[in-house]
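User: I would like to learn how to read a fold from its model. Can you walk me through the features in turn?

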Amino acid sequence: MALRHVVTEGDPVLRKHCREVTEVTERIRTLLGDMLETMREANGCGIAGPQVGVMRRLFVAEPAPGEVYYMINPVILEQEGEVEDDEGCLSVPGLIGTVKRPEKIRMRAMNLDGEEKEYEFEGFPARVMCHEYDHLEGILYTDKAVNVRAPEPEENEEEEAEDEA
């Protein structure tokens with residue numbers, strides 16, 4: 001596996017609608033493995049094709065450690081409720097913003113074996129899936145966010161900095 005370059009805001013590739021994957025090949029599986037490695041290296045919880053310059057409808061998400069989803073040609077079938085929370089993005093480094101997302105979603109996508117599966121997500125995992133899905137449509141979280149800002153330093157980070165001083 002290899003680390004991929006993460007495309008950042010301002011690159012027109014992030015604003016394009018992605019094409020469907022016609023066949024799950026070894027090349028697609030390798031790409032998704034590279035994306036997982038790249039996402040983890042950057043301390044992210046999701047990464048979509050356009051973020052590594054690939055205009056295909058696929059993403060990798062890890063909403064909890066070890067809970068990895070490879071989503072190929074995902075479709076959101078249902079959504080329910082609404083929750084507002086802060087988000088960041090590997091393609092928009094150094095900023096966060098408050099975004100409204102569905103509380104629950106039901107999705108269909110192909111897995112690494114090319115099998116169609118249905119998934120239900122709630123809370124943070126639903127937020128991650130919706131965020132990555134938006135990338136496939138050329139949408140960044142900043143398009144939907146209010147109060148886009150630099151994150152506040154965490155209290156424990158401040159304490160660590162004082163300990164190191």
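Analyst: We go from the overall chain to strands, a helix, cores and charged pairs. Keep in mind that this is a predicted model.

User: Start with the overall layout. How many helices and strands are in the chain?

Analyst: Three helices and eight strands. Read the order from the N terminus: α-β-β-β-β-β-β-β-α-β-α.

User: What radius of gyration does the chain have, and what would a compact globule have?

Analyst: The chain has 16 Å. A compact globule of 165 residues would have a radius near 15 Å, so the value agrees. The C-alpha atoms fill a box of roughly 55 × 40 × 30 Å along the principal axes. Buried residues make up 42% of the chain.

User: Now the strands. What should I keep in mind about side chains?

Analyst: In a regular strand, side chains alternate between the two faces of the sheet. Then look at who pairs with whom. Here β3 and β6 are antiparallel, with six bridges. β6 also pairs with β7 in the antiparallel sense, over seven bridges.

User: Which residue of β7 is the bridge partner of isoleucine 105?

Analyst: Phenylalanine 121. The hairpin of β6 and β7 has five residues between the strands. Within that hairpin, glycine 114 takes a positive phi near 80°.

User: What does β4 pair with?

Analyst: β4, residues 83-89, pairs with β5. The sense is antiparallel, over six bridges. Valine 83 has arginine 101 of β5 as its bridge partner. A hairpin through two residues joins the two strands.

User: And which strand does β5 join through two bridges?

Analyst: β8, residues 146-149, again running antiparallel. Threonine 98 has valine 146 of β8 as its bridge partner.

User: Let us turn to a helix. How do I check α2?

Analyst: Compare its span with the expected one. α2 covers residues 124-136 and reaches 19 Å from its first C-alpha to its last. That is close to the 18 Å expected at 1.5 Å a residue. Just after α2, glycine 138 takes a positive phi of about 80°.

User: Is α2 mostly covered or mostly open?

Analyst: Mostly covered: eleven of its 13 residues are buried. Among them are Val128, Met129, Cys130 and Leu136.

User: Which residues have the most contacts inside the largest nonpolar core?

Analyst: Phe59, Met71, Ile105, Met107, Phe121 and Met129, in a core of 27 residues. β2, β3, β5, β6, β7 and α2 each supply at least two residues of this core. α2 gives the most, with six residues. Apart from this core lies another, of 16 residues, including Val24, Ile28, Met39 and Val52.

User: Next, salt bridges. What is the general idea?

Analyst: Side chains of opposite charge can pair when their charged atoms come close. The cut-off used here is 4 Å from a side-chain nitrogen to a carboxyl oxygen. By this rule there are 15 salt bridges.

User: What does the pair of glutamate 137 and arginine 57 tie together?

Analyst: Glutamate 137 forms a salt bridge with arginine 57, with the closest N and O atoms 2.6 Å apart. Glutamate 137 lies in the loop between α2 and β8, and arginine 57 in the loop between β1 and β2, so the pair ties together parts 80 residues apart in sequence. Glutamate 137 is partly exposed at 28% relative accessibility. Arginine 57 is buried at 7%.

User: How far apart are the closest N and O atoms of glutamate 80 and lysine 104?

Analyst: They are 3.9 Å apart, and the two residues form a salt bridge. Glutamate 80 lies in β3 and lysine 104 in β6, so the pair ties together parts 24 residues apart in sequence. The two residues are also bridge partners in the strand pairing. Lysine 104 is partly exposed, at 33%.

User: Are glutamate 87 and arginine 127 buried or exposed?

Analyst: Both are buried. Their side chains meet in a salt bridge at 2.6 Å, N to O. Glutamate 87 sits in β4 and arginine 127 in α2, 40 residues apart. Salt bridges with shared partners join Glu87, Arg101, Arg127, Asp134 and Lys144 into one network.

Definitions and conventions:
Residues are numbered from 1 along each chain as its sequence is written. This is a predicted model: local features need pLDDT of at least 70, side-chain atom pairs count only at pLDDT 80 or more; totals for chains, interfaces and linings use all residues. Side-chain values use heavy atoms; hydrogens and water are left out. Helices (H or I, at least four residues) and strands (E, at least two) are DSSP runs, numbered from the N terminus. The expected span of a helix is 1.5 Å times one less than its number of residues. Buried means under 20% relative accessible area, exposed over 50%, partly exposed in between (1.4 Å probe, protein chains only). A nonpolar core is a set of buried Ala, Val, Leu, Ile, Met, Phe, Trp, Tyr and Cys residues joined through side-chain atoms within 4.5 Å. Two strands pair if DSSP finds at least two bridges between them. The radius of gyration is taken over C-alpha atoms; the globule rule is 2.2 Å times the number of residues to the power 0.38.
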